[in-house]
Amino acid sequence: MSGLFITSLEQGLIFAILAIGVFITYKILDIADLTVEGSFPLGAFVFAKAVTSGLDPVSGCLLAFLSGLLAGYLTSFWYLNMRINALLSGILTMTILYSINFRTNGKSNVSLFNYKSIFDYIPNENPLSVLIFLLLIVLVIKLLMDHYLKTESGYLLKAVGDNETLVRSIGVSSKKYKILGLALSNAFVTLSGALMAQNQGFADLTMGNSIIVTALASIIIGDTILPRSKKLNATTRAVLGAISYKIIMGIALFLGLTPSDLKAISAVIVILFIAINQPEFIQKITRHRTNKQQKVVSQGGGNHVGN
């Protein structure tokens with residue numbers, strides 16, 4: 001159980017980077033970007049190509065990050081220049097990336113066990129040191145993202161998602177910030193994919209299947225953690241949500257469910273937490289429970305009178 005728990009935490013931290021990336025498009029820009037289903041494995045395959053060609057793991061991660069910038073820019077090109085719907089633009093890029101990912105290494109699965117990973121730079125490698133190393137990476141990315149969102153550019157990025165008309169009225173190009181948001185989002189996603197490939201020891205073409213559900217589940221779960229607390233900002237919630245999500249998945253495996261069941265569980269988790277986040281749903285449940293209790297009391301009182 002301890003090994004499964006540590007693995008869940010490691011993957012939760014890797015998915016936290018994914019969640020921060022999707023947070024940019026889903027929460028800030030209010031764009032449903034399905035590019036991530038292609039850019040997540042893109043990061044893994046670009047990293048695999050880099051290390052199998054003799055480059056070091058750090059360079060591989062950097063190239064993966066840059067490939068994500070390009071993937072996000074490609075989606076923004078369809079969306080902003082060719083006026084294609086944002087959802088469809090992401091699907092088009094995802095489809096293109098499927099072929100690119102296969103062509104990158106010429107096969108659908110690349111083993112990385114015989115190559116160095118970024119975790120080989122850890123002085124005393126053990127399960128906890130890998131966990132601490134990943135935590136440091138996530139903290140650096142989170143703090144950098146928090147800092148950026150407090151800059152003028154970051155405020156304008158958020159403003160584009162909140163009120164694009166207002167941004168245009170002050171003479172600022174909303175198009176530029178949409179390109180930036182989509183590119184930065186997918187860059188974090190590809191970095192997450194590269195780290196996941198190193199963590200599991202291989203890059204696979206199916207890594208991105210339903211990965212958007214994982215990212216959304218992480219964000220939605222994060223929104224339910226101390227919802228009234230002002231100390232937890234959006235990126236912190238995304239990180240905590242990703243870790244919580246993987247722990248839930250780990251518990252599901254521990255209880256005997258098979259990996260093939262996890263797709264359905266992911267969807268159920270998303271549905272459940274979306275419902276929990278809906279005030280109307282909570283009010284309906286509360287009202288139903290109150291009515292039921294009143295009915296029981298009324299029936300009990302009637303029986304007492306009758307007796």
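**Burial, pockets and one asparagine in a predicted model**

User: What share of the 307 residues in the protein is buried?

Analyst: The model is a predicted one. A residue counts as buried when its relative accessible area is under 20%. Of the 307 residues in the protein, the buried ones make up 46%.

User: In what pattern do the helices and strands follow one another along the sequence?

Analyst: The protein has twelve helices and two strands. Read along the sequence, these elements give the pattern α-α-α-α-β-α-α-α-α-β-α-α-α-α.

User: Among contacts between residues at least 6 apart in sequence, how many join residues at least 24 apart?

Analyst: A contact here means heavy atoms within 4.5 Å. Taking the contacts between residues at least 6 apart in sequence, the part that joins residues at least 24 apart is 76%.

User: Is Asn101 buried or exposed?

Analyst: Asn101 belongs to helix α4, which covers residues 86-105. Leaving out residues up to four places away in sequence, Asn101 touches Gly38, Pro41, Leu42, Phe45 and Leu205. The relative accessible area of Asn101 is 1%, so this residue is buried.

User: Which residues lie nearest the centre of the largest pocket?

Analyst: The largest pocket has a volume of about 690 Å³. Elements that each supply at least two residues of its lining include α1 (2-28), α8 (174-200) and the strand β2 (202-204). The lining has 27 residues, and those nearest the centre are Gln11, Phe15, Lys246, Leu262 and Lys263.

User: How many residues in the lining of the largest pocket are charged?

Analyst: Asp, Glu, Lys and Arg count as charged. The lining of the largest pocket holds 13 nonpolar and eleven polar residues, and the charged ones number three.

User: Which element gives the most to the lining of the second largest pocket?

Analyst: The second largest pocket has a volume of about 340 Å³. Its lining has 16 residues, with Phe65, Ile137, Ile141, Phe188 and Leu191 closest to the centre. Two or more lining residues come from each of α3 (57-81), α5 (127-149) and α8. With six residues, the element that gives the most is α5.

User: How many residues in the lining of the second largest pocket are nonpolar?

Analyst: This lining has no polar and no charged residues. The number of nonpolar residues in the lining of the second largest pocket is 16.

Definitions and conventions. Residues are numbered from 1 along each chain as its sequence is written. This is a predicted model: local features need pLDDT of at least 70, side-chain atom pairs count only at pLDDT 80 or more; totals for chains, interfaces and linings use all residues. Side-chain values use heavy atoms; hydrogens and water are left out. Helices (H or I, at least four residues) and strands (E, at least two) are DSSP runs, numbered from the N terminus. Buried means under 20% relative accessible area, exposed over 50%, partly exposed in between (1.4 Å probe, protein chains only). On a 1 Å grid over the protein atoms alone, a cavity is a set of points where a 1.4 Å probe fits but cannot get out, and a pocket is an open set with protein on both sides within 12 Å along at least five of seven lines; lining residues have an atom within 4 Å of a point. Grid points are joined across faces, edges and corners, and a volume is the space filled by probe spheres set on the points.
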